[in-house]
Amino acid sequence: MAQVSVSMLSADFLHLDRDVRMVNAYADMFHLDIMDGTFVPNISYGFPVVEAIASIAEKPLDTHLMIVRPEKYVERFAKAGSSLLSFHLNATDDPDAVLSQIHDHGMKAGIAINPDIPVERLFPYLDGCDFILLMSVFAGFGGQKFIEDTYGRIRELKAEIVRKGLPCLIEVDGGVSEKNASELNAAGADILVSGSAVFKAIDPASAISSMR
Ligand code: DX5
Ligand code: ZN
């Protein structure tokens, strides 16, 4: 059984409270995608939206930073209500320091990598991570097609986590739907991020429950 973290990038921002209540009722976490237009070509949303979601969220905020120099904003996202915070491996010069900073602010810490970065690049940092955010699309946009190589990458990462006996979880992000959820879970994914497949579903609650 996997946890489902719903990506609010695909929510209806004119009816955000309705979509937040749906996640409260049926999912495990809110996945909040923060894009700066520099680390990725797109710009998403910032603190006012995160704080508005936090004000009525009854599930943890799982914030995914797609920004350069994530160390500058760790404290702000802690104050805004994030419980989990991830940043991209190649967005900072000192990943270990950012992991410690996230922990010092009382949050769970994760490192994200895009599909073109070898999984082994994460191995030196695994003992400092509560989770890894393995991208199954290139970070930047919702609604992209799932990259099939992801299964092998999950298995490779899982094998190293098990070999070291670490509690690090694997979160998979991008193109996740009812079609691939069970295979992702079988490969070793613990948390599934899903945006467009949830919000485009006729019945989001049943889409989430079948992904779990
Ligand atoms: C992509 C984001 C994802 C995305 C997932 O840059 O990190 O979290 O919103 O959305 P779907 O499920 O639509 O691929
Ligand atoms: Zn994301």
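Author: In this predicted model, E75 and K79 form a salt bridge whose closest N and O atoms are 3.0 Å apart. Both residues belong to helix α3, which covers residues 74–80, and they are separated by 4 residues, about one turn of the helix. With a relative accessible area of 41%, E75 falls in the partly exposed class, whereas K79, at 67%, is exposed, the limit for that class being over 50%.

The side chains of D190 and K158 meet in a salt bridge, at 3.3 Å from N to O. D190 sits in the loop between α6 (181–187) and β8 (191–194), while K158 is part of helix α5 (residues 150–164), so that the pair links distant parts of the chain, 32 residues apart. K158 has a relative accessible area of 23% and counts as partly exposed, since buried means under 20%.

A further pair is made by R212 and D28, whose closest N and O atoms are 2.8 Å apart in their salt bridge. R212 is partly exposed, at 30% relative accessibility, but D28 is buried, with a relative accessible area of 17%.

Beyond such pairs there is also a network of salt bridges, in which D12, R18 and D19 are linked. Altogether the count comes to 9 salt bridges.

In soluble globular proteins, nonpolar side chains tend to be buried together. The largest nonpolar core here has 62 residues, and those that touch the most other members are V6, M8, I53, I111, I132, L157 and L184. Apart from that core lies another one, of 11 residues, with M35, V40, V137 and V193 among them. Taking L157 as an example from the largest core, and leaving aside residues up to four places away in sequence, its contacts are V119, L122, F123, L126, I132, L134 and I170. One of these contacts, I132, is likewise listed with the residues that touch the most other members of the largest core.

Terms used:
Residues numbered from 1 in each chain as written. Chains lettered and ligands numbered in written order. Predicted model: local features only at pLDDT ≥ 70, side-chain atom pairs only at ≥ 80, totals over all residues. Heavy atoms only, no water. Core = buried A, V, L, I, M, F, W, Y, C linked by side-chain atoms within 4.5 Å. Buried < 20%, exposed > 50% of the residue type's maximum accessible area, 1.4 Å probe, protein only. Contact = heavy atoms within 4.5 Å. Salt bridge = Lys/Arg side-chain N within 4 Å of Asp/Glu carboxyl O. Helix = DSSP H or I, 4+ residues; strand = E, 2+ residues; numbered from the N terminus.
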